[in-house]
Amino acid sequence: MKKGKGFTLVEIMVVVMIIGILLAIMLPRVSIVMDRSREKATHKNLQGIQAAVNAYCIRDTEDVYPASNADFEAILSEYFEKRPYALLKRGAANANENKVVVAATTAGIDNTGGWLLVTGNNDNQCGRMFINSTEEDTFGIYYSTYSSW
């Protein structure tokens, strides 16, 4: 009987098992890294939207913030080709939203996703942007506490 070149079935099975173990170790880590990159993009989007709202207020209305969702949407369509999404970690409620809400206070944060602009003159948060979510990010920080400044 001629001895052929190649691998035995046992050798191939050992290699497949090693690859499976490595994947089992790596996949959860890759998932966390992907969620954190989504959160970083959302934070940058939040700051960009805040800059657009500030530019609008300074240029057009002398520090008067938009009073309605329609006004807010008009600002976003003027400054952005596509409205930015609030990309939260996968599995979070309303993880991929880009709707906008104008509220008088931060009590308007209701976990429906997207963006929230506070416009109440008596609120110390007036003019600030928030992520409209009561979920926690991968570090255990609430999305609604991300800074837009």
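Two strands count as paired if DSSP finds at least two bridges between them, and the strands and helices themselves are DSSP runs (H or I of at least four residues for helices, E of at least two for strands), numbered from the N terminus. The structure above is a predicted model, in which local features need pLDDT of at least 70 and side-chain atom pairs count only at pLDDT 80 or more, while totals for chains, interfaces and linings use all residues. Residues are numbered from 1 along each chain as its sequence is written, and side-chain values use heavy atoms, with hydrogens and water left out.

**The sheet**

Let's start with the sheet. Strands of a sheet pair through backbone hydrogen bonds, either parallel or antiparallel. Here 3 strands form an open sheet in the order 3-4-5, with mixed pairing. Strand 3 (100–103) and strand 5 (129–131) are at the edges with a single partner strand each, so one side of each has no neighbour in the sheet. On average, neighbouring strands are turned by 25° against each other, direction ignored; the axes behind such angles are lines fitted to C-alpha atoms, for helices over the stretch in contact, and angles run from 0 to 180 degrees between N-to-C directions.

Strand 3 and strand 4 (residues 115–118) run parallel and are joined by 4 bridges; across this pairing, Val100 stands opposite Trp115. Helix 2 packs on the sheet and touches strand 3, strand 4 and strand 5, its direction making about 130° with that of strand 3. Contact here means heavy atoms within 4.5 Å. Strand 4 and strand 5 pair in the antiparallel sense over 3 bridges, and there Leu116 stands opposite Phe130.

How do the side chains of strand 4 point? Trp115 and Leu117 point one way and Leu116 and Val118 the other way, and all are buried. Buried means under 20% relative accessible area, exposed means over 50%, and partly exposed lies in between (1.4 Å probe, protein chains only).

**Salt bridges**

Side chains of opposite charge can pair when their charged atoms come close. A salt bridge is a side-chain nitrogen of Lys or Arg within 4 Å of a carboxyl oxygen of Asp or Glu, and the model has 2 salt bridges by this rule.

| Salt bridge | N to O distance |
|---|---|
| Asp35 and Arg90 | 3.0 Å |
| Arg83 and Glu73 | 4.0 Å |

Asp35 in helix 1 (residues 9–61) and Arg90 in the loop between strand 1 (86–87) and strand 2 (96–97) are 55 residues apart, so to speak a link between distant parts of the chain. Asp35 is buried at 9% relative accessible area, whereas Arg90 is partly exposed at 41%.

In the other pair, Arg83 lies in the loop between helix 2 (69–79) and strand 1 and Glu73 in helix 2, so the bridge ties together parts 10 residues apart in sequence. Arg83 is partly exposed at 26%, and Glu73 is partly exposed at 33%.

**Along helix 1**

Lys40 is also in helix 1 and is exposed, at 56% relative accessibility.
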